[in-house]
Amino acid sequence: MRKKVLWGVGLAALALLLAACAPEATQSTLKPVGEPAIEQKRLFIAVVWIAAAVFVIVEGGILFLVIHYRHRKGRERMPKQTHGNTRLEIGWTIAPALVLAVVMVPTISMIWDLARPPSPGALNITVQGYQWWWGFQYSDADMTVGSGEQRPIEIADVMVVPTGREIYLSLEAEGGGAKNTDGTPDFQVIHSFWVPELFGKQDVVPGRTNHITFQVDEAGTYTGQCAEFCGLQHGRMKLRVVALDPDDWELWVVNQQQGPALVSDPLAKQGEEIFMNPLSGGRGACTACHAVGDVGAAAAPNLSHFNEPTHECFAGCNWETSDVDALKAWLRDPDAVKMGAKMPNYQLSDDEIDALVAYLYSLT
Amino acid sequence: MASVSVTGTSSRGLRRPSSLTGFWSWFTTVDHKKIGIMYGVSAFVFFIVGGLEALLIRTQLAQPDGTLLNADQYNQIFTMHGITMIFLFVMPMSAAFFNYLLPLMLGARDVAFPRLNAYSFWVFLLGGLFLYSSPFLGGAPNGGWFGYAPNSTTDPSIGMTFYALGLLITGIASAAGAVNLAITIINMRAPGMSLFRMPVFVWMGLVVQFLLVFALPIITVGLFELLFDRRWGTHFFDPTAGGDPILWQHLFWLFGHPEVYILILPAFGIISEIIPVFARKPLFGYQFMVFSGIAIGFIGFGVWAHHMFAAGLGPVANTAFGVSTAIIAIPTGVKIFNWMATLHGGDLRFTSPMLYAIGAVTMFVIGGLSGVTHAVVPSDYQQTDTYYVVAHFHYVIFGGSVFAFFGAFHYWWPKVFARQLSETLGKVAFWILLIGFNLTFGPMHILGLSGMIRREYTYPESLGLTFWNQIATLGAFLIALSVLTFMVNVLRTHIRKQPLASEDPWDARTLEWMTPCPPPVYNFEEIPQVHSLDEFWHRKYVEDEKTGTLVPAQAGAAPEHDDDHTEAGHGIHLPSPSYWPLVSAVGLPVIAYGVLYSWWLVAAGALVVLVGFMGWAVEPSVAED
């Protein structure tokens, strides 16, 4: 009957192993692509093997004892009254200490390894945690945009990086001075920046700047999300990292530096009008929070390249940019789509929504 | 002690309660056993409520894009689940066992301060009810049990103010209870009961009370700062005004990690009592068990920042706390090995208490091992704040503490209620619980490693998390089935009214079994003289020092307890029932509501507290005849 214990316990262990090969998990720490995630997994797996050995010894030992010394019917005996054995007990105090010492050696060396400063050629990105979406500023001197005065390239929801180059992230929760529409400051709360396949998480703490250094050598899209509870829509504060090969990266940078595309389509033109000017009837203005090119504010995602191919998702990266219906639903009533979203419902008419969608889709 | 001459309370128009039985006696009782039962019943009710919240959580997460709960409801429910299970279930359930058993195990008639004991209970219960009034008054706490600022200070809902006030109230209950029990253990031991003749359960009780006494002031500071930030616009955690969000984390976890041992050490005590009884041999390495418990208590204050490895404290802090976290695994390991050595060579009887005790050890080992992986800081950057951590602490707190509680229910039920729970139902419930528990929390390891974060109210199908979430939900309902089986067992036992076959059904070892079942209000007719550890056992059996074999003691060689307890107990002066603990306790939630709504209420509540304390102070502990 005690076998069932082992069954339950064994299942948990087996499940752990299965997880390594679970094919469908798309945001898994066990399928790392970038550094340091690869190193972190290696260390974890090494410790898991040690833990597994201890697990087998201890749980196996308990199982053995329980079966071997079980009371058998019809056999009355009084067990020998042993009270202890100091030598044994000292032994099993020291043995785990030694095992743990072994575990701590690579642990400590890697703590310091991860804390080292980035190499000089690293790409610098400032990550900003808002409620509930991520903003990214490229803070290197050559990563600027602007028809007059230059400012850092700024994007939201999807962080675009080159492959084969070290990336140095500075994590800030200042929210860029974001204001709610009623003028109160946007809450600056703690977030945690995490892309499991690329790097372990670091908290984004108001008032201080934490850092992550990572590198990815394989082009592709990697998903992540905020890992520290940050209020109502914590569960929907997601992001993607798109890693581009150096050639594609160059093209992406040039496109960003050129500023937003010129609008020619008449419907899109109409949308631009709506976007750039206050809405009729005193309903507010898109540019009070959003920016396209030189116009607008930085309290909400920068939309200059909303429909650029790497900008795969919007509104905390929960909906695909290509999903017209999702985009329309969002514009109609953000709160109905993502409860508590800071973007108000502007009572946009269907015509206004169609025009705005056309405009946003023209921003490549 | 109370030799101060006072006029009888009757002269002030309010007659002192005297009845020791009946419905109303529960409100005025100062008997540690009745208070223990009230703690237990209240904590169990909160366990059911917290469990229903867990089922809501699991049902919401059974499907991707779940719509049972919206984000707001989900955040309130997971927060209340955590607060309930920790502050309103595991802590008071431990208090229930400590209250009921410590005086009995020590050979005392009651705790050191019986009225303070009643006060602790009422404050806890009213604090719990205060917290649960929040959903009806604008919203339950919604910032997690850990209440990280500035999210907790800036959240527009009223919930986190309830959180700060509610936990301050229950904190008063815990602090008063801790002082009381610690003094009881130190001062109220029967003659001959030296510290190293105390049962391990009592020792763990002592360590827990000290942990509480030292840890609670820290969270109290934090909660007051949180309250002031929320209610009166201070800026303790606001970096734009010179505050620091990390300050809250230090305060919270400097309490929060000792809290983990406050939750688990009582279970270690319970396991250490149950296993020797059903192995029919003494606990292996008693001293090592005691000292490892004390060591855990000390080291437990030096590991808090392992909750903050990703907060950016820097490599020095992360190294130090990684090492200290690894170190605390050592005394914990000692306990596991000593329990194994106790099993070794025993004559193991798998009654339901024993099954739960061994279940607790095996499950705790899993939680302990996943805990060691947290000490590996760089890999913890990946696992922290994921379901891997949820799996870990449920293996520790549910697998350890809750399994041990169920073992303790079955073990001490005959002592407390003079009825024996059905062994069959007990075993059935155990196996359902074991399977359900592992199905629920085992897959959470995988979910966490697969990138599922904690506290998210929903997840998209594209993350590939659906399958294991469904398994976890299935397991959660099996746990519910097991708890239901236990409740049926309790009901059935009490409807049948079958008398106990024996006053010592388990052939137990410790003093509490020398009293009748249930123990009379004065516990021991005559305070026993203690000669050894496991006193009761040694009165029943004589050990041959050389061979280690046991022979039953000859009749008459050891004093048997008196079976004729109808006549007994005259002339023993016990503390009399009192209204004042309840009155003083009622003032606290009134003050708390006042903080939310009106200064007048604060004044009224303060007046009630003051009157309560005054009445209490001038009332003699034993009513004049």
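Me: What joins strand 1 of chain A to strand 2 of chain A?
Reply: A hairpin does, through two residues. Keep in mind that this is a predicted model.

Me: How do you know that strand 1 and strand 2 of chain A count as paired?
Reply: Pairing takes at least two bridges. Strand 1 and strand 2 of chain A share six bridges, in the antiparallel sense. Six meets the cut-off, so they are paired. One of the bridge pairs is Q128(A) with G135(A), the latter in strand 2 of chain A.

Me: Which bond in the loop between these two strands stands out?
Reply: The peptide bond from Q131(A) to W132(A) is cis, with omega near -5°. W132(A) sits in the loop between strand 1 (123-130) and strand 2 (133-138) of chain A. Most peptide bonds are trans.

Me: Where else is there a cis peptide bond in chain A?
Reply: From E35(A) to P36(A), with omega near 10°. P36(A) belongs to the loop between helix 1 and helix 2 of chain A.

Me: What makes strand 2 of chain A mostly covered?
Reply: Six of its six residues are buried. On one side are W133(A), G135(A) and Q137(A). On the other are W134(A), F136(A) and Y138(A). Both faces are covered.

Me: How do strand 5 and strand 11 of chain A run, and how many bridges join them?
Reply: They run parallel, and five bridges join them. V160(A) stands opposite V242(A) in strand 11.

Me: Why is E39(A) called partly exposed?
Reply: E39(A) has 19 C-beta neighbours inside 10 Å. Buried needs 20 or more, and exposed means 12 or fewer. The value 19 falls in between, so E39(A) counts as partly exposed. E39(A) is in helix 2 of chain A.

Me: Why is D65(B) called exposed?
Reply: D65(B) has 8 C-beta neighbours inside 10 Å. The limit for exposed is 12 or fewer, so D65(B) counts as exposed. D65(B) lies in the loop between helix 2 (32-61) and helix 3 (71-106) of chain B. D65(B) also has a positive phi of about 55° although it is not a glycine.

Me: Is D385(B) buried or exposed, and how do you know?
Reply: Buried. D385(B) has 24 C-beta neighbours inside 10 Å. The cut-off for buried is 20 or more, so D385(B) passes. D385(B) sits in the loop between helix 12 (377-383) and helix 13 (387-417) of chain B. Its phi is positive too, at about 65°, although D385(B) is not a glycine. Most residues other than glycine have a negative phi.

Me: How do you know on which side of helix 5 of chain A the buried residues lie?
Reply: The buried residues of helix 5 (residues 266-276) are A268(A), G271(A), E272(A), I274(A) and F275(A). They cover an arc of only 160° around the axis, so they are on the same side of helix 5. They pack against strand 12 (291-292) and helix 8 (350-362) of chain A.

Me: How many residues of chain A and chain B are in contact?
Reply: 84 residues of chain A are in contact with 87 residues of chain B. Elements giving two or more residues to the chain A side include helix 2 (37-68) and strand 8 (199-204). That side divides into 47 nonpolar, 26 polar and eleven charged residues.

Technical notes
Residues numbered from 1 in each chain as written. Chains lettered and ligands numbered in written order. Predicted model: local features only at pLDDT ≥ 70, side-chain atom pairs only at ≥ 80, totals over all residues. Helix = DSSP H or I, 4+ residues; strand = E, 2+ residues; numbered from the N terminus. Contact = placed C-beta atoms within 7 Å. Nonpolar A, V, L, I, M, F, W, Y, C, P; charged D, E, K, R; others polar. Arc of directions from axis to C-beta.
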